[in-house]
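Please open the model in the viewer and keep the selection panel at hand.

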Amino acid sequence: MYSNRIYQMAVHLVLIMMGIAAVFPFVLLLSASLTEEQAIIRDGYRLLPAQFSFDAYVYLFNQYSLILRSYGITTFITVVGTIFGLLITTLVAYPLSRNVLPFRSFLSFFVFFTLLFNGGLVPMYLVYTDLFHLKDTIWSLIIPNLLTNGFYILLMRSFFSTSIPGEVVESAYVDGANEWVIYCKIVLPLALPSLATIGLMLMISYWNDWFNGLIFINDGSLYSIQNLLNRMLSDVQYLQQNSLSGQTAVVSSVPLGSVRMAIAVIGVLPLIAAYPFFQKFFVKGLTIGAVKG
Amino acid sequence: MRRGFHENRIQNIRKHGLLLVMILPGIIYLFINNYLPMFGIVIAFKDINFAKGIWGSDWVGFDNFAYLFQTQDAWVITRNTLLYNGAFIVLGTVLSIAVAVLLNEVKKRFASRLYQSIILLPYLISMVIVAYLVLALLNEENGFVNHYVLPLLGIDPVSWYADSGKWPFILSVVYLWKNVGYTCIVYLASIVGISQEYYESATLDGASKWRQVWSITLPLLKPTMVIMVLLAVGRIFNSDFGLFYQVPLNSGALQTTTDVIDTYVYRGLMTFGDFGMSSAAGLYQSIVGFLLVLTTNAIVRRKNRDLALF
């Protein structure tokens, strides 16, 4: 009994240490964003601000138009991308789950071959820029990711075929419901848990996406939060040069280091704030998705 | 016989044609997003001249590939891609299983949930943010490690972003930090599925905790492990682009140890505009990747039919 207690304590100790390791860098980031600029230069990044200051956030607040626009872009692509991504995923997965689908084996192959082989980055880039001219449009941040992960189709399809009883669909059909009605009134409502899971995954990947912005967007007014951060990582002065108020006099006093960290904090905050609410769904989704994907 | 089949098919299309209408947007999307670029692989065999257009440019056969494999680049990026992903698979599997076993030992549900949530947190964050976090730790002048950790150990400050030799270690740590929370939950899910009776009878026989993990948990975890590892091996030629691009800050000084096929292809396209060489490297990656997926799928199918991709 005694050794069991020690064992339990050791288990908790190791896990607590891992938890600290997971959270530690975030604390450093938050602390840096709340530190007086000179104190960062003097004392480096610390766990607790050496000299507490809201300057970075005040500065961001004064530059709200730039930040707000990036936030708007990120929110827009997240909402629109998630909705259309879910729609198109289920619209592919549902027919594939029905064995009465005409040309079923060809269509399945057509969908799943995309998981195995791709043309690579260069042809993909040329298709979107040269053929469809989506460079520097907001659609280039949404369209390439709608069905990026073919595994979501696989997941959805097997969910439809295993957990929606064929008899239900069959009897609705006999009662005169057509496929649209079945899809809208029976299949989607029954699939809500997996819709939530895949919706979450799509949401997170749209919120976090910086890659499409990196290759397709040059126009700073179309930067999402992640692209703004990415730009500031390679060019610390970016914010300063593009501050819309143009107060050149105060430029020297701009707290660059802490402002960078403050934008990073703003970039992760919504996810971390929402996390406790979707954590359950998320874990469930990981475990369903993992075996197949 | 044959006619009957056709009539059936036509009848079926009449009856269930709406399903075809539903799937159409997705099929068109996949055609544009995935199939059109496949035709684009001809770029790898051309000397692209935008005045002439892609189709009008001159064919150069395998010249782009010849250039690629004559340089040191092809060897470096292939080596880096394979070594990094190989290390990630081994380290990731060992650490994830270890953490999953520990999490399973936590008897209080609330505590277990809490640990899971916290360890999973880094998985949710974009690589840009991760790059900021690493910068706060490793920045030469004011990074936390140089400022507080190294002095404590009596070591002089290190220029992390100038020393390529340190990056295999740094990138592995970052990879594990970001991903272990995800994979350990997968393993935890299959540990939870193991029948409690095994452990009860083992306890009656006087088996120690360690012995139980070794003789019950690990053997029963083997199928999941095999599948997870095989799936990862199938993708071993693809890297996490963000990890290798963002975290080393796309620094040229570090390229000997941080460049992988994905970053090479990206750089060829966006920085140098060398479409031919870049798509040759991309095609090399796609074809080897394709063969690896086929091979691993065949192995998975022999092990367990249900888990195979096709």
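Begin by selecting B:Cys184, which is buried, as its relative accessible area is 2% and the cut-off for buried is under 20%. Please bear in mind throughout that this is a predicted model.

Next, select A:Cys184. With a relative accessible area of 42%, A:Cys184 is partly exposed.

Is B:Leu19 buried or exposed? Its relative accessibility is 0%, so B:Leu19 counts as buried. To see what surrounds this side chain, set aside the neighbours within four places in sequence: B:Leu19 is then in contact with A:Tyr94, A:Pro95, A:Arg98, A:Val100, A:Leu101 and A:Glu179.

The last stop lies in chain A. Select helix α5, residues 104-116, together with helix α7, residues 150-163, both of chain A. The axes of these two helices are 9 Å apart, and the helices pack at an angle of about 135°. The pair is therefore oblique. In passing α7(A), α5(A) forms a left-handed crossing.

To display the contact itself, select the following residues:

- from α5(A): A:Val111, A:Phe112 and A:Leu115;
- from α7(A): A:Gly150, A:Phe151, A:Ile153, A:Leu154 and A:Arg157.

Colouring this selection by residue class will show six nonpolar residues, one polar residue and one charged residue in the contact of α5(A) with α7(A).

Notes
Residues are numbered from 1 along each chain as its sequence is written. Chains are lettered from A and ligands numbered from 1 in the order in which they are written. This is a predicted model: local features need pLDDT of at least 70, side-chain atom pairs count only at pLDDT 80 or more; totals for chains, interfaces and linings use all residues. Side-chain values use heavy atoms; hydrogens and water are left out. Axes are lines fitted to C-alpha atoms, for helices over the stretch in contact, and angles run from 0 to 180 degrees between N-to-C directions. Helices (H or I, at least four residues) and strands (E, at least two) are DSSP runs, numbered from the N terminus. Angles under 35 degrees count as roughly parallel, over 145 as roughly antiparallel, 65 to 115 as roughly perpendicular and the rest as oblique. A crossing is left-handed if the near helix is turned anticlockwise from the far one by less than a right angle, and right-handed if clockwise. Contact means heavy atoms within 4.5 Å. Ala, Val, Leu, Ile, Met, Phe, Trp, Tyr, Cys and Pro count as nonpolar, Asp, Glu, Lys and Arg as charged, and the others, Gly among them, as polar. Buried means under 20% relative accessible area, exposed over 50%, partly exposed in between (1.4 Å probe, protein chains only).
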